[in-house]
Structures are given as C-alpha cells and as structure tokens.
Amino acid sequence: MNLSQRIKQRKSSQQSFSRPYLIAEAGVDHEGNLNLARRLIDEAHEGGADAVKFQTYKATRIASKKSPSYWDLSQEPIDSQYKLFKKYDKFWKAEFEKLAIYCQRVGIEFLSTPFDLESARFLNDLMPVFKVSSSDLNNKPFIDSLCGFGKPIILSTGAAYMWEVEQSVGWVASQGNPIALLHCILNYPTQDFNANLLMIRGLAAKFPNCLVGYSDHTLPKNMKTLEVATLLGAQILEKHFTHDKSLPGNDHYHAMDKHDLKRFHARLDTLLSLLGCELRKPLPTEQISRANARRSLVAKKRIPKGKIISKDDITWKRPASGIDPREFDHVVGMKSRLDIDADTILKWDFLCPCSRADLKK
C-alpha cells in the first residue's frame, strides 16, 4: 500500500499494530550532486525505507537575507538560513524529474517537500501526496494552494500549539483532502528528553480521522526513538537520511543511514511479533493449556446414586475434561444418576435435575 492509499484509508490499529510507513528524509543531503542523490535513493531502498523524500526550494523564495539560524551552530556553523539554503538549492524541475524516474526504477516511492508554489506545481506530476513542513503549518495561502491539487496532505506539527494544528487541519478538511499529522520537535537535533513522544497519542486522540505519525530529529543512536513511536501508534515515520553520518554540517549529524534502517527493521520485526493482536482470544498453541491446565468439577468424596449434590460433595481440579467450574452453582442441587467415586471428574451424564419429590425427601 502506497502512502496516498494509507492516508486515504486511515488504516486502524485497533486489532493489531501495523508496520509503519517509513520515509527516509534525504532532504538536501545530495548537496547538489545527482549521482549522490541516486546513491541516497539506492541506500534508502536497501535499508528498507518505503519512500525517499527530498526538499525543493530556492533560497530567494524561502528566507530573507537576514534570517537567523535555528540549528546547532556547533554542528552547522552557517548562521544564516538564506546562506545555508543558497548552498543547497541547486536542484529544480529537471533534476527532480530524473530522481522520480530513478525511484520508480528502483522500487521506492519518490517524495519532496515543496517550499513555494512553482516547485509544488511541477512536483504535483511526480508524487502522490504533499508534505507541509512544520515551518509552513501556519501558512494558510500556501496550504490552500496545495489542497487545490486534490491530493492527501501531510502536516508536520513542530513548534505548534494544539489550536494551531486544529486550525490548519480545518483549512485542509474544508477542501476535502485526506490528512496525516506528524508529531515533530523543531530542534536540530532534538535531545531525547525533548522528544515528547506522548504527543503522538495526543494527536491521535484529538484527530481520530487523521493518520498520525512522527518526524524524528533525535540522534539515531540505536533507533529506539522510532521503536517507541511505533508502540505509541505512529503509522508514518520520517527521519533524516544520509550516506555518511560522519560528514559535517547540514542534516548529516542527526540522520540515520542504511545500517540504522536495517537495524530498526530487524528490531521492529521482533517488536511486532511480540505485540501481536489486541483482541483477547486464545492462541492455537494455548489449546493444550485450556484442556489440561484449567479445572473441572470433581467429586470431593464418594457420591451415592440418587444423592442430591451439595457444595460439600464437589471441588475443582485439573484437567478441564469435565464440567466447567463456572457451572458450580448449577450442579449444586442436581441428583446423581449413579455411584460416583471420590476424585472422579464429573460429566453431565452423571447428573440429572431433581424432581419435587426428591426435594421433599
């Protein structure tokens, strides 16, 4: 199931946890090199990502020349958004068309976040959904324009109050577009103690008609953050992706690589097998336990034929091959059809209802 279908169907996890849709956020880690972008696509696919996502922008359209930074300057020393974006805004329509074709050939879904209307128009022909970054959550004219393409909308919710999320969801819902919401903390990187993963549940409770996921900016470490996000119900996971985490600057320092992705999928396989199904029912492997570890009603002492059964006549012991102990109150007051030895597992054909004459004796 592709991302558009998943958002439209809003597949519920009421009966079982489904494997989340995983987006490798390559962003601009291609650094303007098409061969490197293709490598990122190959490695995202090798690692098991469902989609690889880039970012499409021009510095002159996204930030003024005096826009200050909001990232860790010890990792990315460029202190101007405009200067940083200018460094990485080399790809445009022709390059993204080539990357979309390459993704199709490789077998991974192509996505890119547009940051202006021109890029949105040509990306519309290349991908099934539109992603709105946290920075544009309050950008009503831009969101309205994206909704006009008639495709599902993914809204990242970093740095937003709940009322702002409600407002943006309202804009999208008014035009009828299916919606997915991603919990996100807009820090690069996000410290573990700031991850606030319970916000995933908060969004799911507040917006039951929206698919809810998580966009992660924590350091990858052992990928535990994404595991916990899955346990909390995230059905879309997005994390920055690089071919080399040791590279300085930009998004490399808080990104995962293909090895992290493989490690996550291996751990997720174990996790999902442990979780199983929410509906309480016995497993096939438990049938022997139902039969042998549960109890039956048993004669506590010898019960002669014709005796009316009293509470003192019966007890309960394993296995469960006789009358179920839940029938205790029903059995008390019945009459034995035959002599029943002590420690005999009671069967229904050992008993019969009492007549009025029996009760008068």
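Q: On what kind of model do the values rest, and at what pLDDT do side-chain atom pairs count?
A: Residues are numbered from 1 along each chain as its sequence is written, and side-chain values use heavy atoms, with hydrogens and water left out. The model is predicted: totals for chains, interfaces and linings use all residues, local features need pLDDT of at least 70, and side-chain atom pairs count only at pLDDT 80 or more.

Q: How many helices and strands does the protein have?
A: Helices (H or I, at least four residues) and strands (E, at least two) are DSSP runs, numbered from the N terminus. Under that definition the secondary structure comes to 14 helices and 12 strands.

Q: Which residue of S7 stands opposite Leu-182?
A: Strand S6 (residues 179-184) pairs with strand S7 (residues 211-216) in the parallel sense, over 5 bridges. Within this pair, the residue of S7 opposite Leu-182 is Gly-213.

Q: Are H10 and H11 roughly parallel or oblique to each other?
A: Axes are lines fitted to C-alpha atoms, for helices over the stretch in contact, and angles run from 0 to 180 degrees between N-to-C directions. The axes of H10 (residues 224-231) and H11 (residues 258-275) come within 10 Å and cross at roughly 30 degrees. Angles under 35 degrees count as roughly parallel, over 145 as roughly antiparallel, 65 to 115 as roughly perpendicular and the rest as oblique. H10 and H11 are therefore roughly parallel.

Q: How do the residues of the contact of H10 with H11 divide by class?
A: Contact means heavy atoms within 4.5 Å. Lys-224, Leu-226, Glu-227, Thr-230 and Leu-231 of H10 make the contact with Phe-264, Arg-267, Leu-268, Leu-271 and Leu-275 of H11. Ala, Val, Leu, Ile, Met, Phe, Trp, Tyr, Cys and Pro count as nonpolar, Asp, Glu, Lys and Arg as charged, and the others, Gly among them, as polar. The residues divide into 6 nonpolar, 1 polar and 3 charged.

Q: Are H8 and H9 roughly parallel or oblique to each other?
A: Helix H8 (residues 162-174) packs on helix H9 (residues 198-206) with axes 12 Å apart, at an angle of about 45 degrees. Met-162, Val-165 and Glu-166 in H8 meet Gly-202, Leu-203 and Lys-206 in H9. By class, this contact has 3 nonpolar, 1 polar and 2 charged residues. From the angle, H8 and H9 are therefore oblique.

Q: What is the angle at which H2 and H5 pack?
A: The residues that meet include Leu-34 and Ile-41 in H2 and Leu-99 and Tyr-102 in H5. The residues of the contact of H2 with H5 divide into 7 nonpolar, 1 polar and 4 charged. H2 (residues 34-47) and H5 (residues 93-106) have axes 10 Å apart, and the angle is about 30 degrees.

Q: Where does Pro-189 lie?
A: Most residues other than glycine have a negative phi, and most peptide bonds are trans. The bond from Tyr-188 to Pro-189 is cis, with omega near -5 degrees. Pro-189 lies in the loop between S6 and H9.

Q: What is the phi of Lys-221?
A: Lys-221 is in the loop between S7 and H10. Its phi is positive, in a residue other than glycine, and is near 45 degrees.

Definitions and conventions. Two strands pair if DSSP finds at least two bridges between them.
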